[in-house]
Amino acid sequence: MTLTSAPSTDRPELGILLICIGVFAISVNDLLIKVLSGGYPLHQMIFARSAIALIFTFGFVQLEGGWRILKTATPGLHLLRGLLVVFANMTFYAAVAVLPLAQATALFFVAPLFITLLSIPLLGEKVGPLRLTAVTVGFLGVVVMQQPWSGDVVTGRLVLLLPVIAAALYALMQVLTRRLGVSTRASALAVYIQSSFLFVSIGFFLVAGDGRYLEGVENESLRFLLKPWIWPTGDDLLVFVALGLCSGVIGYCLSAAYRLANAATIAPFEYIGLPLAILWGWLVFAEWPEPATWLGCALIIGAGLFVFLREQARAAPMPGRRTRWGRR
């Protein structure tokens, strides 16, 4: 697989708007999954939300050109992209079931840093030393916030590593999105992803959907993966529907955002998910971050904003230079 050049499409304003909408939907999605994690297995939630999301995504397909846009000349790359996002999600939500929402989200926010770095060798995008320094500062903010050295071996090392692994997989998936977006509509990209979720969750159900592997398992992350399916009732059924709606919004908005804009430009806007996670954790689970968490947030968000502002300054026309429209 060779990814040597970025596509020419570049609409940063629309890309930023779409990434903000998508990240808000992600924060709600994470909240709902954590709410349901005590009673339902992860693969059941993934199946339900993907099946519902596909219905809405097919509507976007019709708006963007009809069924013909689902035809692709690169099925292998689309399959790889789908598997990356599936396992990124499953790894992250295995951590969410155990860790506070804000803590898991903060660790996952090495993803925009990975995206910015991966856009250099895989897409040929130019990221200067100042933005690379900002990326480093953002990563230090994650370290300060999480203080992985302060926990025991299981909680402080292995579980805290899960969101970082998820972030690396997610970053590579989004870089692939930028490349595949040259010839593939956002709705088609979303269909491929939702279909990947659907088939993997069905596979989990066939192998472990009856809870046969749950006995003797004490690790909460593994239990979340191996619980038997339970038909949702009452309010839980509404939460499952809400998951599907969020998933449809996420799949389309994120695919469209990375298709339309430079990855290094829009990736920092994923940081808005961090204060949202803190807000949901406080309102719903009574989780209030420690002072170190606030310091880490300041470093991460500050670094992200610097990357964005630096990108805008680099793209702005110099004084005296005529723009493509012939006006200064």
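I take contact to mean heavy atoms within 4.5 Å. I take helices (H or I, at least four residues) and strands (E, at least two) as DSSP runs, numbered from the N terminus.

**Entry 1. Ground rules**

The model is predicted, so I note that local features need pLDDT of at least 70 and side-chain atom pairs count only at pLDDT 80 or more, while totals for chains, interfaces and linings use all residues. Residues are numbered from 1 along each chain as its sequence is written, and side-chain values use heavy atoms, with hydrogens and water left out.

**Entry 2. Whole chain**

I looked up the secondary structure and found 13 helices and zero strands in the chain. From the N terminus on, the elements read α-α-α-α-α-α-α-α-α-α-α-α-α. I then looked up burial, where buried means under 20% relative accessible area, exposed over 50%, and partly exposed in between (1.4 Å probe, protein chains only). Of the 328 residues in the chain, 52% are buried. I also looked up contact range: among contacts between residues at least 6 apart in sequence, 86% join residues at least 24 apart.

For helix pairs I use axes that are lines fitted to C-alpha atoms, for helices over the stretch in contact, with angles from 0 to 180 degrees between N-to-C directions. Angles under 35 degrees count as roughly parallel, over 145 as roughly antiparallel, 65 to 115 as roughly perpendicular, and the rest as oblique.

The axes of α2 and α10 come within 7 Å and cross at roughly 55°. That makes α2 oblique to α10. I recorded the crossing of α2 and α10 as right-handed; a crossing is right-handed if the near helix is turned clockwise from the far one by less than a right angle, and left-handed if anticlockwise.

Which residues of α2 and α10 meet? On the α2 side I listed Gln-44, Met-45, Ala-48, Arg-49, Ile-52, Ala-53, Phe-56, Thr-57 and Phe-60. On the α10 side I listed Phe-240, Val-241, Leu-243, Gly-244, Leu-245, Ser-247, Gly-248 and Tyr-252. The residues of this contact of α2 with α10 divide into eleven nonpolar, five polar and one charged. For these classes, Ala, Val, Leu, Ile, Met, Phe, Trp, Tyr, Cys and Pro count as nonpolar, Asp, Glu, Lys and Arg as charged, and the others, Gly among them, as polar.

**Entry 3. α2 against α3**

Helix α2 (residues 42-63) and helix α3 (residues 75-96) have axes that come within 11 Å and cross at roughly 130°. The two helices, α2 and α3, are therefore oblique to each other. The crossing in which α2 passes α3 is right-handed. Leu-42, Ile-46 and Arg-49 of α2 make the contact with Asn-89, Met-90, Tyr-93 and Ala-94 of α3. By class, I have five nonpolar, one polar and one charged residues for the contact of α2 with α3.

**Entry 4. α1 against α10**

Helix α1 (residues 12-36) packs with helix α10 (residues 235-260) at an angle of about 150°, their axes 8 Å apart. I therefore put α1 and α10 down as roughly antiparallel to each other. The crossing of α1 and α10 is left-handed. The contact of α1 with α10 has 24 nonpolar, three polar and one charged residues.

**Entry 5. Two residues of α8**

Is Ser-201 buried or exposed? Ser-201, in helix α8, is buried, with a relative accessible area of 2%. Leaving aside neighbours within four places in sequence, I find Ser-201 in contact with His-43, Ile-46, Phe-47 and Trp-229.

Phe-199 is found in helix α8 (residues 186-208) and is exposed at a relative accessible area of 62%. Phe-199 and Ser-50 are 149 residues apart in sequence, with their C-alpha atoms 9.7 Å apart in space.

**Entry 6. Pro-112**

I placed Pro-112 in helix α5 (residues 111-123). Pro-112 is buried, with a relative accessible area of 2%. Beyond its neighbours within four places in sequence, Pro-112 is in contact with Ala-267, Glu-270 and Tyr-271.

**Entry 7. Cysteines and one phi**

I searched the whole structure for disulfides (a pair of cysteine sulfur atoms within 2.5 Å) and found zero. Cys-246 counts as buried at 11% relative accessibility, and Cys-253 counts as buried at 7%.

Where is Ala-286? Ala-286 is in the loop between α12 (273-285) and α13 (291-315). Its phi is near 55°, a positive value in a residue other than glycine. Most residues other than glycine have a negative phi. Ala-286 is exposed, with a relative accessible area of 66%.
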